[in-house]
Amino acid sequence: MSAKVSTKNHKICLIGCSGRMGQEIQRLAQSMGLGKIICGVDTNSHQASLPVKNTIDQINAQDIDVVIDFSSPELFGKVVQWCAKHKKPLVSGTTGIQENHKKMLAAAAQSVGIAWAPNMSLGIATLRKALAVFSQIKEFDFQIEEFHHNKKKDNPSGTALLLQNSLQEAVGRGLPAPIGIRGGGIFGTHKVWAMSDEEVLMFEHQALNRGVFAKGALIVAQQIVAKGPGSYGIDDFI
């Protein structure tokens, strides 16, 4: 992600700090100077290298500037409510959330900055914009295909659904559900197929490591602190 990053070293509370993404965020925050993670929330604290609480309610809001969340749908609601209550900006890449969670995000954005996205990479943000060109061949058949590691729980992924919405807006109709494949250690590959009787066009995005998502979340966290209340997308920080 190419963006202007705040020079202030904002203090971060990291939700899901012991998970794969949480550990990658900690590594990059330290190596790139993208904020200072001072505490975490996770039920699995033995893998963490920072002070960890079991719930976000145990965090002292005065100690932090912003919350980064890569947890689970089960914890997500409490995180959103806590951020709204204490007026702490939230950057979240948690996937698998439901409609009630989205309503909570909209309500929280009335009082604090909220940036939720199932994918924090610049490449996916660019791909979403590129899908608008399919309005010129809307009579084609379309299919989204996505691949992830075998530990990923939501299927289709949040990114696939995000691309699906953008594609359906471009072609002006409903489309077949994304095809989700799970296997091995694939970080994330998304393909958008456009097919006619005479030709086939395919856009593809590959995440080569988790660093692209961690870096994006940290950059957004550094910038959202200076923004007012509202619901923000990745495009707002590029």
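Is glutamate 99 buried or exposed? With a relative accessible area of 53%, glutamate 99 is exposed, where buried means under 20% relative accessible area, exposed over 50%, and partly exposed in between (1.4 Å probe, protein chains only). The model is predicted, so local features need pLDDT of at least 70 and side-chain atom pairs count only at pLDDT 80 or more, while totals for chains, interfaces and linings use all residues. Residues are numbered from 1 along each chain as its sequence is written, and side-chain values use heavy atoms, with hydrogens and water left out.

Charge pairing comes next. Side chains of opposite charge can pair when their charged atoms come close. Across the whole structure, the search finds four salt bridges, each defined as a side-chain nitrogen of Lys or Arg within 4 Å of a carboxyl oxygen of Asp or Glu. Glutamate 99 takes part in one of them, with lysine 102, at 3.7 Å from N to O. Both residues belong to helix α3 (residues 99-108), three residues apart, or about one turn of the helix; helices (H or I, at least four residues) and strands (E, at least two) are DSSP runs, numbered from the N terminus. Lysine 102 is partly exposed, at 38% relative accessible area.

A further pair sits in helix α1 (residues 20-32), where arginine 27 and glutamate 24 are three residues apart, about one turn of the helix. Their side chains meet in a salt bridge of 2.6 Å, N to O. Arginine 27 is partly exposed at 45% relative accessibility, whereas glutamate 24 counts as buried at 17%.

Glutamate 146 is buried, at 0% relative accessibility, and arginine 182 is partly exposed, at 22%.

One of the members, aspartate 197, lies in the loop between β9 (189-195) and β10 (200-206). Aspartate 197 is exposed, with a relative accessible area of 80%.
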